[in-house]
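Work through the following exercises with the sequence and the model at hand, and try each task before reading its solution.

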Amino acid sequence: MPLIAPSILAADFGRLEAHAREAVEAGADWLHVDVMDGHFVPNLTIGPPVVRALRPLREETGALLDVHLMIEEPERYVDAFAEAGADIITVHVEACVHLHRVIQQIRDAGARPGVTLNPATSLTTLEETLPLVDLVLVMSVNPGFGGQAFIPSSLGKIRRLRHELNALGSNAYLEVDGGVKPENALQIRQAGADVLVAGSAIFRGDPPVAENVAALRNAMTLEV
Ligand code: DX5
Ligand code: ZN
């Protein structure tokens, strides 16, 4: 069963816990936390205190806190996010000179390491580190903002990554982030994704969050 990870970037920050809770109570599996530094990406979002504020909800519901660091020199903040309660910490291959060391640092800090790559970055950059991680995130938009359109060539990248993970015998999650909607969820799942991140499709627009979670769940579990 593929997992749904709502991106809280699209939630109402004025009532973040309540909005995130709606998604989890409607059946969302994880909470995806987008951290941006205004350098690696042209936007600023949130830091460890927000992860800490969501930790009671995580304890109560079991919904893992899936922290996506879109920041330069992520090694400077890994320990703070782990200490705040991140379950999974994902770093960009483009932001790490010593990616191998950062993966180890995440594990030593007690979190599960993930790696991610921008749409323009080749899967070959992960060749040496794929066996070491618990999650690989395929960015299907250029990171920095919610509400962008899914880049169609991401589907081929997801398929190739699925093939590589299978060939390695890896149990790492294959997560996809950016422009995920009920309209493309089935294709993304069929390409080999285990975890679908969705921000605007869950938290924006008129329908209640619970309906949006159900629509995404139904879309990706339909058989063609
Ligand atoms: C993009 C973020 C995504 C984004 C997803 O930089 O990493 O998690 O918030 O938002 P939607 O689902 O609206 O594309
Ligand atoms: Zn993200």
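Helices (H or I, at least four residues) and strands (E, at least two) are DSSP runs, numbered from the N terminus. The model is a predicted one, in which local features need pLDDT of at least 70 and side-chain atom pairs count only at pLDDT 80 or more, while totals for chains, interfaces and linings use all residues. Residues are numbered from 1 along each chain as its sequence is written, chains are lettered from A and ligands numbered from 1 in the order in which they are written, and side-chain values use heavy atoms, with hydrogens and water left out.

**Exercise 1.** Determine the surroundings of Ser-7.

Solution. Ser-7 is located in the loop between β1 (3–6) and α1 (16–25), and its relative accessible area of 4% makes this residue buried. Contact means heavy atoms within 4.5 Å; leaving aside neighbours within four places in sequence, the contacts of Ser-7 include His-32, Asp-34 and Phe-203. With Asp-34 there is also a side-chain polar contact of 2.7 Å (a pair of N or O atoms within 3.5 Å; within protein, one must be able to donate a hydrogen and the other to accept it, and residues adjacent in sequence count only if both atoms are side-chain atoms).

**Exercise 2.** Identify the polar atoms that approach ligand 1 from Ser-7, His-68 and Gly-199.

Solution. Start with the side chains: an N or O atom of Ser-7 is 3.3 Å from an oxygen atom of ligand 1, and for His-68 the corresponding distance to a ligand oxygen is 3.3 Å. Then turn to the backbone, where a polar atom of Gly-199 is 2.7 Å from an oxygen atom of ligand 1.

**Exercise 3.** Which helix holds Val-209, and is this residue buried or exposed?

Solution. Val-209 is part of helix α8 (residues 209–221), and with a relative accessible area of 4% it is buried. Beyond residues up to four places away in sequence, Val-209 touches His-19, Glu-22, Ala-23, Ile-202 and Phe-203.

How values were computed: Buried < 20%, exposed > 50% of the residue type's maximum accessible area, 1.4 Å probe, protein only.
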